[in-house]
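I opened my notebook today to look up a few things in a structure. Here is what I am working from.

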Amino acid sequence: MMINRKLYPYIITLAAAGCLYFFSGGTSSQSEPAYSYPAKRFVNSEKKDSASLAKKNTDSLKVMSALELNNSYVIDSFFKVMAIHQKFNGNVLIAHNGKVLYNGSFGFANYRLKTNLNDSCEFQLGSVSKQFTAMAIMMLKEKGKLKYGDSVQQYFPDFPYHGITIQMMLDHRSGLPNYLYLCSSICKDQNCLIDNTEAVNSLIKRKPPRYFRPDQRFNYSNTNYCVLAAIVEKVTGSTFADFMRKNVFNVLHMDHTYIYCKSDTNVPNRIQGYNANYHRSGIDFLDGVAGDKGVYSTTWDLLKWDQALYGNKLVKQTTLKEAFMPHGRWVRGHNYGYGWWLTTFGGDTLTYHDGWWHGFNCAFIRDRKYHNTIIVLSNHVNWCINKSCELLNVLRGTLGEDTDKSNIAEDTEDTEKQAAL
C-alpha cells in the first residue's frame, strides 16, 4: 500500500521524536565526561584514497530531494543523542543505491589522548568478518576447487568429527564444539598468537565432545568459520589473510581492509577498542585465528563491498544468491544463509550481521530490495548500535513503502545465538 507523500514529513518527524525519546529516557549526563564529535557532515571529501567515492557523493548531494535531506537530519539527531549520553562511539555510513545519505563520526579513536574519530579509522569487524569467509568459499567452489558437500576429512584426514560438510559449517549446522573455550583452557601464553591450523590441531588432539550430530539443528558457532578459513588455506596454499587481500580486498580497492596480523606493527589508522567505562581492550592469543573474526575495515570500504555484492566482480549472482537463502526453518523471524543473518522486515527479507570482539562492536545491514545500506562501527562496546535498524523505517518511508518493526536481534556474540533453526 502506497503512503500519501504529503504524510512523509509527519512520518519522519514522528520517527525522530521516537528515537530521541527512546535514547534519552532514563539517562543522566551529569557525571559523563565531555563528548567530542565533529559537526554533522554527509561526506568527507578530504579522504584521498576515497576521492572518487567522495566526489560522487558530493555531486549527489546537489540532487538530494528535500525528503532525503530531512532524513539525513533525522539520522544525525538519532546518533547525536546516543553520543551525548555515551551510548555510541563510532562511525556511521548510510546509503541508498550507493549514494551516501549520511556519513558521520562520533567520539574518540583514542579515549586517553582524546583523538577524534574520522572516516579513515579502521575497526575490528568481529563476526561481520564471516561474510568474507563465506565469499572465499564461494569463490573456490565456483572455480571447482571444492564442493559444498566435501567433508572436513578431505582436507584434515585426522579430524575426529565425521559427517560434517563445508555447507554444514557455512550455515552453522555442524555441531562442532567451541574452539574458543578449548584453546582458552589449554593455551597458557596469552601473548603468543595461535593460527587457524593450530586451532584445528587442538580439536584433533583434544577431541572435545560435539554438541550434537551433524545437520541435526542450528547452532551459531565461531568454530565453523575458523575451520572454513583453514580449508581455504589448505586449498590455496596461502594464508587466509593473503588470499583475501589478493582476491577480494585488492580487487575491490578496499585499501583500508585487511585481516589482523601481529607482524603489521605500522598501521596508522587502526584504532583502539574499549570495553565498558572505556577500559582498553588488548590483543590476545585468539587474535591470530581468522575467518570467524579478524577483518579490520572502514565505513567507506564496506560501502565498496556492499556495492560489489550487487554485481559479478567476485562471484556470479547465481552463486551469491545461495548466501542470502535460508538454510533452516524460520524462528522468531530469523534464519541464516552463508555468513549472513536473515530477518523479516516490512514483508521482505533483510540480510545483516552484527559483530563483537575486544572492545569493538558493529552492525552491517543490507536492505537488498531497495538498495539501502546501514553501516555502524563502534570501538566502545555497547549494544545500542543495533537500534540503527530502526532507521530503515525512515529510509523506506522515503520510498513510500509500508514497514513494520524490525526483528534484528541485539548482538549476543559472546553468548552465541542458540535459536534452534
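Helices (H or I, at least four residues) and strands (E, at least two) are DSSP runs, numbered from the N terminus.

I also noted that this is a predicted model, where local features need pLDDT of at least 70, side-chain atom pairs count only at pLDDT 80 or more, and totals for chains, interfaces and linings use all residues. Residues are numbered from 1 along each chain as its sequence is written, and side-chain values use heavy atoms, with hydrogens and water left out.

**Entry: strand β13**

I looked up β13 and β14 and found a hairpin with four residues between the strands. His-371, in that turn, has a positive phi of about 55°. The two strands run antiparallel and are joined by seven bridges, and Ala-363 faces Val-376 in β14.

Then I checked the other partner, β12 (residues 348-357), which pairs with β13 in the antiparallel sense over seven bridges. Here Asp-354 stands opposite Ala-363. This hairpin has two residues between the strands, and His-358 takes a positive phi near 45°.

Is β13 buried or exposed? Eight of its eight residues are buried, so the strand is largely enclosed by the rest of the structure (buried means under 20% relative accessible area, exposed over 50%, partly exposed in between, with a 1.4 Å probe and protein chains only). In a regular strand the side chains alternate between the two faces of the sheet. I found both faces of β13 covered, with Phe-360 among the buried residues on one side and Asn-361 among those on the other.

Next I traced an open sheet of three strands in the order β5-β9-β6, with antiparallel pairing. β5 (123-124) and β6 (258-259) are at the edges with a single partner strand each, so one side of each has no neighbour in the sheet. β6 pairs with β9 (residues 295-297) over two bridges, and Tyr-258 has Tyr-296 as its bridge partner in β9.

**Entry: positive phi in loops**

Most residues other than glycine have a negative phi, and most peptide bonds are trans. I therefore noted Tyr-278, whose phi is near 60° and which, at 8% relative accessibility, counts as buried. Tyr-278 is in the loop between β7 (273-274) and β8 (280-281). Lys-207, also not a glycine, has a positive phi of about 50° and lies in the loop between α7 and α8 (222-236).

How values were computed:
Two strands pair if DSSP finds at least two bridges between them.
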